[in-house]
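Please read it beside the sequence and the model.

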Amino acid sequence: MSEAVTIITNATIILGNGQQIESGSILLAEGKIKAVGKTEEIAEQLNQLKNQYKESVTIHAEGKYVTPGLIDVHTHLGVHEEGIGREGHDYNETSSPVTPYVRALDGINPFERGFLEARKAGVTTVQSMPGSANVIGGEMVVLKTAGTIVDHMIVREPSGMKAAFGENPKRVFGAKDKAPITRMGTAALFRQEFIKAQEYLESREKGEAVKRDVGLENLVKVLKREIPLRAHAHRADDIVTALRLAEEFHIEITIEHCTEGHKIADFLIDKGVSVSVGPTLSSRSKIELADKGFHTHLALAKAGVPFSITTDHPVVGIEYLVTSVAHAVSDGLDEALAWQAITLQAAKHLGVEERVGSLEVGKDADVVIWSGHPFHIQNKVEKTFINGELVYKRVEN
């Protein structure tokens with residue numbers, strides 16, 4: 001770890017937990033946040049910490065904003081490579097409708113351009129996952145957006161098991177005259193595979209000789225609640241089906257997309273489920289998106305449903321994450337809640353809130369300096385730090 005320390009002083013600091021500090025400072029060292037607070041109140045602490053290191057860099061940030069690194073909870077970053085066409089489409093293993101044995105980690109290219117775009121946009125942590133062609137699509141991973149070896153970028157792996165309800169599995173496999181052709185078929189295949197996993201687990205717990213099955217082993221992680229099921233579901237009825245199946249097998253679940261969540265917001269709060277919403281800036285490209293809009297965010301907020309906001313990169317480019325949130329605020333979403341949807345609440349959605357999501361002492365030094373308020377489109381990311389290292393610096397044209 002570097003022996004240098006970075007101090008950012010006299011900025012407006014958005015902490016990510018709903019609070020904001022005017023004329024604040026933050027100190028980064030050894031990959032962690034070592035101090036944060038009002039400049040005048042922590043001046044002595046900053047000097048003491050600074051003296052413990054051989055080198056220091058002070059960034060004067062008057063008039064600028066400092067935020068936690070942004071988090072996009074639902075992406076295909078690295079498994080869908082930009083600008084190269086079909087060869088970069090590594091996110092849907094469509095050889096079977098049920099592929100719990102695949103891992104997004106094994107298909108991620110850390111040199112893919114999307115990672116650079118993420119850093120330029122202040123996005124420092126993402127969850128990357130298989131696509132939604134399959135009823136059960138495989139394991140996903142949470143990782144930082146800087147690095148050359150994907151194994152060194154991992155924050156949590158696996159971070160969930162992908163499942164998909166609604167039109168996508170029907171369309172992909174119905175075209176091949178294979179199940180599922182209907183929503184009933186999707187639920188039946190899901191139920192069938194989890195019953196197999198239950199039987200596999202029971203046999204292993206009894207000490208019986210069982211031939212190893214990677215797919216069933218991965219589903220056992222879900223049954224044992226080591227990782228959640230993350231269910232692609234746009235329509236209200238598909239969301240309810242996913243939650244019904246989760247209760248049937250007593251598994252932890254998050255709802256991904258939740259396009260019609262506003263229609264059943266009270267039901268969602270009763271179920272205690274966390275959801276990700278988006279991509280709301282996309283077009284209404286299929287029937288499930290007919291009622292897409294920022295009214296979903298407002299209804300979920302009013303009901304108290306914990307939610308994150310996503311681009312579903314590359315459906316909407318990851319560089320537009322903060323733009324998506326700014327539009328939600330423009331449509332009436334509380335600004336503090338909006339920030340949490342891409343910082344602390346997003347971290348909670350992924351189960352990594354002990355490391356990222358807010359500017360607190362002890363957390364990873366993932367920090368972004370903005371030229372002005374991030375929700376004003378003319379303002380830009382000036383610097384992005386991941387684990388205390390400068391990974392992006394804006395160059396003036």
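## Second largest pocket

The second largest pocket has a volume of about 480 Å³. A pocket here is an open set of points on a 1 Å grid over the protein atoms alone, with protein on both sides within 12 Å along at least five of seven lines; lining residues have an atom within 4 Å of a point. Grid points are joined across faces, edges and corners, and a volume is the space filled by probe spheres set on the points. The model is predicted: local features need pLDDT of at least 70 and side-chain atom pairs count only at pLDDT 80 or more, while totals for chains, interfaces and linings use all residues. Residues are numbered from 1 along each chain as its sequence is written, and side-chain values use heavy atoms, with hydrogens and water left out.

Lining this pocket are 18 residues, and Lys120, Ala121, Glu319, Asn379 and Lys380 lie nearest its centre. Two elements, α2 (113-120) and α9 (321-330), each give two or more residues to the lining; the largest share, four residues, is that of α9. Helices (H or I, at least four residues) and strands (E, at least two) are DSSP runs, numbered from the N terminus. By class the lining has ten nonpolar, three polar and five charged residues. In this scheme Ala, Val, Leu, Ile, Met, Phe, Trp, Tyr, Cys and Pro are nonpolar, Asp, Glu, Lys and Arg are charged, and the others, Gly among them, are polar.

## Largest pocket

The largest pocket has a volume of about 560 Å³. Its lining comprises 32 residues, with Ser132, Asn168, Lys286, Asp312 and Val315 nearest the centre. Helix α3 (residues 167-174) gives the most to this lining, four residues. The lining divides into eight nonpolar, 18 polar and six charged residues.

## Cavity

The structure holds one cavity of 30 Å³ or more, a cavity being a set of points where a 1.4 Å probe fits but cannot get out. The space in the largest cavity is about 50 Å³. Its lining consists of Pro68, Gly69, Ile71, Arg355, Val356, Gly357, Ser358, Leu359, Asp364 and Asp366, of which four are nonpolar, three polar and three charged.

## Contact of α4 and α5

The axes of helix α4 (residues 183-205) and helix α5 (residues 214-223) come within 9 Å and cross at roughly 90 degrees. Axes are lines fitted to C-alpha atoms, for helices over the stretch in contact, and angles run from 0 to 180 degrees between N-to-C directions. The two helices are therefore roughly perpendicular, a term for angles of 65 to 115 degrees.

On the α4 side the contact (heavy atoms within 4.5 Å) is made by Glu193, Phe194, Lys196, Ala197, Gln198, Tyr200, Leu201 and Arg204, and on the α5 side by Leu216, Glu217, Leu219, Val220, Val222 and Leu223. These residues divide into nine nonpolar, one polar and four charged.

## Backbone features

Gly278 and Pro279 are joined by a cis peptide bond with omega about 5 degrees; Pro279 lies in the loop between β12 (274-277) and α8 (295-303). Another cis peptide bond, with omega about 15 degrees, joins His313 and Pro314. Pro314 is in the loop between β13 (307-309) and α9.

Ser23, in strand β2 (residues 20-29), has a positive phi near 50 degrees.

## Annotated domain

The UniProt annotation "domain: Amidohydrolase-related", from an unreviewed entry, covers residues 65-391; such annotations may be inferred rather than shown by experiment. Over residues 65-391 the chain is 31% helix and 20% strand, with the end C-alpha atoms 18 Å apart.

Conventions:
Angles under 35 degrees count as roughly parallel, over 145 as roughly antiparallel, 65 to 115 as roughly perpendicular and the rest as oblique.
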